[in-house]
Amino acid sequence: MKKKKVLMVHNFYQIGGGEHTVFKNEVDLLRQHGHEVIEYTRNNNELKQNKLKLVLLPFITIWSWKTYNDIRGIIKENHIDVVHCHNTFPLISPSVYYAARSMKVPVIQTIHNFRLLCPNGSFFCDGKICEICNKTGSFRSALQNNCYRNSKIQTLVLVAMLKFHRWIGTYQKISYIFLTKFNREKFSKLIDVNSEQVFIKPNFVKESNCFVNAVEKKPLFMLDDWR
C-alpha cells in the first residue's frame, strides 16, 4: 500500500477530553504504519492571549481566512494526499474544507459529537433528552434555551455558523467518519448517510503496544482508500 501524507486537523479546547486523545492516538497510529503526518492544530487558549481574536470570534467561527490560507500553504508545501479533520470549532472553522477542496485534496471529518445537529452537541437539555433542533431543522429551541454554554450570544454565533454552512451546502461537500451506526443514522437529515463517502470507524485504545478497536477489542486496520 502506498504510504500517505496526511494532514491532521484539530482545534483543542481549553479543557482536554476524548476528542483530544483520539486525535493524538490517530496521529501515532498513522506514523506507526509509515504514513507521513503533518499536524495543524489550534488551541482555545489563544482567546485568552489575544483579545482581538475574542472580539472577532463570531466571524472566525463562520469562516477563518487564516485557516484557509494556512491549509492551502501546508498542502502545497507538503504535497498532502488527504486532510483529516477532528474538531474545527471555533478557531479553525469549516473554511478548512474549502481550502482542501480548492487544492483538489480529499477531506474527511470525524464526527465526535452532535454539534452539527444540536448546538450543545449532546441532544440533552434541562436534564432530559432533546432532539427538537434535529427533528425540526430549526435552531429556535436552542436559542430560546441558550443551549451552548448557557449563553445567548455564544449560542447565536454557533447557530449562525450552522445555518450559513447548511445554506451554502458545506456539509454535503466532504466525507465522514462516524464512530457508530447509531451516530451515523442521527445525521440522516443532514447528509446522505448511505453514501460511499461515509465510513464507520470506532475509537480505539492502545493496549500492549498495539492499537485495538475500543468496542470489539480487535486489531484496528486503517482505510487504504481515501476518497
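Trainee: What is phenylalanine 187 in contact with, leaving aside its neighbours within four places in sequence?

Mentor: Ile111, Asn113, Phe114, Leu116, Leu117, Phe178 and Val193. Contact means heavy atoms within 4.5 Å. This is a predicted model: local features need pLDDT of at least 70, side-chain atom pairs count only at pLDDT 80 or more, and totals for chains, interfaces and linings use all residues. Residues are numbered from 1 along each chain as its sequence is written, and side-chain values use heavy atoms, with hydrogens and water left out.

Trainee: Which residues have the most contacts inside the largest nonpolar core?

Mentor: Phe187 again, along with Leu7, Val9, Val83 and Ile191; the core has 45 residues. A nonpolar core is a set of buried Ala, Val, Leu, Ile, Met, Phe, Trp, Tyr and Cys residues joined through side-chain atoms within 4.5 Å. Buried means under 20% relative accessible area, exposed over 50%, partly exposed in between (1.4 Å probe, protein chains only).

Trainee: Which residues of helix 4 are buried?

Mentor: Thr67, Tyr68, Ile71, Ile74 and Ile75. They lie on the same side of helix 4, because they cover an arc of only 140° around the axis; the arc is that of the directions from the helix axis to the C-beta atoms. Helices (H or I, at least four residues) and strands (E, at least two) are DSSP runs, numbered from the N terminus.

Trainee: What do they pack against?

Mentor: Strand 1, strand 2, strand 3 and helix 5.

Trainee: And which exposed residues are on the face turned away?

Mentor: Trp65, Lys76 and Glu77. Just after helix 4, histidine 79 takes a positive phi of about 55°.
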